[in-house]
Every structure is written in structure tokens, then in C-alpha cells.
Amino acid sequence: MASSVYTCTECGANLNLSAAYLYPPDVFFEAGNKGTLSFSGIDTTKFRFEKEDKIRPFFETRNYWGIQRTRTKIKCNGCGRLVGHVYDDGPPMMDGNGQFGMGPSQVIPRAARYRFKIKALRVASQT
């Protein structure tokens, strides 16, 4: 069975991403998934993480919006190129509709989702 090798388009470093942790392309996420590949787990030694704090209106879901968005940039350890972001809109870590029935994104803790830009990755198949 062939496996995929994901490398940085800038420096060619192997990012050690496993297709076993890849979300199916038709899975809907609150922060979107257009032009990206999303993973549930990554090798953190291959990346640098940088906190990003934006103060401007954004829509997290259809029913919830906010002013401050915090997320984490994922940068290639080899060259420092921005390859994606970490979002907290992965699968819920518990069942239920949240406190006061206000929806899952507000109070139910969710697993991290590592979202990589397709343009930042070079995918090669390995047999």
C-alpha cells in the first residue's frame, strides 16, 4: 500500500504528517476547510507554533460571532514558512449540547485540528 509523504514547498523538509490522522475531505468544520488539509495529530517536533491574537469581528459558526479570535500559527521548523493554523473545532471531547443548550462550540471542549494550506505542502506518494 502506498503512503503519502508531505513536505514543505519552500525548503523541502519532510513534515512527517501521517495520512492515518487526515480528516476526510468532506468533513465540515466551523472554521472551514477550503483549500486545506486537516489532521487530528501531528509530529510537533517538525513545527514551530506562534500564538496569534486578532481583535476584529469574525463568525465562528452560523449562530455565534465574536470580536477576539485566538489561534496558533503552524510554521515549518526548517524555513519558518507559515504552513497552517491550529483550530479548536475538531470533534467534541464529550457528548451533549453544551451549557444552557447554546451549542457545542461555546462550552463543550473540542479536540485540536491542525489545518494545513494545500499550497504550502508538496505531496508525494511512497510505495
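Start by selecting Phe-47: this is a predicted model, and at a relative accessible area of 5% the Phe-47 side chain falls under the 20% cut-off, so Phe-47 counts as buried.

Leaving out residues up to four places away in sequence, Phe-116 touches Leu-17, Gly-35, Thr-36, Leu-37, Phe-39, Ile-42, Phe-47, Ile-74, Val-83, Gly-84 and Leu-121.

Next, zoom out to the core. The largest nonpolar core has 15 residues, and Leu-17, Phe-47 and Phe-116 are the ones that touch the most other members. At least two residues of this core come from each of E1, strand E4 (64–76), strand E5 (82–87) and E6.

Back to the rings. How many aromatic pairs are there? The count is three. One of them is Tyr-6 with Phe-39, an edge-to-face pair at 5.5 Å centre to centre and 85° between the planes. Tyr-6 sits in strand E1 (residues 3–8) and Phe-39 in strand E2 (residues 36–39), 33 residues apart. Both residues are buried. Select Tyr-6, Phe-39, Phe-47 and Phe-116 together and you have a cluster linked by ring pairs.

Now for the charges: look for three salt bridges. Pick Arg-81 and Glu-10, whose side chains meet at 3.8 Å, N to O. Arg-81 is in the loop between E4 and E5 while Glu-10 is in the loop between E1 and E2, so this bridge ties together parts 71 residues apart in sequence. Arg-81 is partly exposed at 27% relative accessibility, and Glu-10 is exposed at 54%.

Last stop: Glu-50, partly exposed with a relative accessible area of 34%. Between Glu-50 and Lys-73, the closest N and O atoms are 3.9 Å apart; for Glu-50 and Lys-75 the N to O distance is 3.0 Å. Glu-50 lies in strand E3 and Lys-75 in strand E4, 25 residues apart.

Methods:
Residues are numbered from 1 along each chain as its sequence is written. This is a predicted model: local features need pLDDT of at least 70, side-chain atom pairs count only at pLDDT 80 or more; totals for chains, interfaces and linings use all residues. Side-chain values use heavy atoms; hydrogens and water are left out. Rings of Phe, Tyr and Trp (its six-membered ring) pair if their centres lie within 6.5 Å; planes under 30 degrees apart count as stacked, over 60 as edge-to-face and the rest as tilted. Helices (H or I, at least four residues) and strands (E, at least two) are DSSP runs, numbered from the N terminus. Buried means under 20% relative accessible area, exposed over 50%, partly exposed in between (1.4 Å probe, protein chains only). A nonpolar core is a set of buried Ala, Val, Leu, Ile, Met, Phe, Trp, Tyr and Cys residues joined through side-chain atoms within 4.5 Å. Contact means heavy atoms within 4.5 Å. A salt bridge is a side-chain nitrogen of Lys or Arg within 4 Å of a carboxyl oxygen of Asp or Glu.
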